[in-house]
Amino acid sequence: MNIDILCETCEFARIDEETGDLICDALLDEDEMVRFMSDKSGRCKYYRFYDEYKMVRKQN
């Protein structure tokens with residue numbers, strides 16, 4: 001599975017205004033970041049699907 005496709009739908013993803021690159025805003029400490037960057041599986045355990053309609057469903 002392509003990791004970039006997952007990142008585009010993740011609630012931690014944002015676009016850097018200066019470079020236009022996709023950035024992960026998950027709050028990771030140094031040890032977590034090292035594990036994340038060295039993981040060869042291609043899966044992100046911090047991925048959370050961003051659902052922009054989640055709040056609307058709760059209100060109805």
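A salt bridge is counted here where a side-chain nitrogen of Lys or Arg lies within 4 Å of a carboxyl oxygen of Asp or Glu, and this predicted model holds two salt bridges. Local features need pLDDT of at least 70 and side-chain atom pairs count only at pLDDT 80 or more, while totals for chains, interfaces and linings use all residues. Residues are numbered from 1 along each chain as its sequence is written, and side-chain values use heavy atoms, with hydrogens and water left out.

**Confidence**

- The protein chain averages a pLDDT (the predictor's confidence in each residue, from 0 to 100) of 82, and 82% of the residues score at least 70.
- Where pLDDT is low, the predicted coordinates should not be read in detail.

**Salt bridge Asp-25 to Arg-14**

- The closest N and O atoms of Asp-25 and Arg-14 are 2.8 Å apart.
- This pair links distant parts of the chain, eleven residues apart, with Arg-14 in strand β1 and Asp-25 in the loop between β2 (22–24) and α2.
- Asp-25, at 36% relative accessibility, counts as partly exposed (between buried, under 20% relative accessible area, and exposed, over 50%, with a 1.4 Å probe and protein chains only), and Arg-14 is partly exposed at 38%.

**Salt bridge Glu-11 to Arg-48**

- The side chains of Glu-11 and Arg-48 form a salt bridge with an N to O distance of 3.2 Å.
- Because Glu-11 lies in the loop between α1 (3–8) and β1 and Arg-48 in the loop between α2 (30–38) and α3, the pair ties together parts that are 37 residues apart in sequence.
- Glu-11 is partly exposed at 37% relative accessibility, and Arg-48 is partly exposed at 45%.

Conventions
Helix = DSSP H or I, 4+ residues; strand = E, 2+ residues; numbered from the N terminus.
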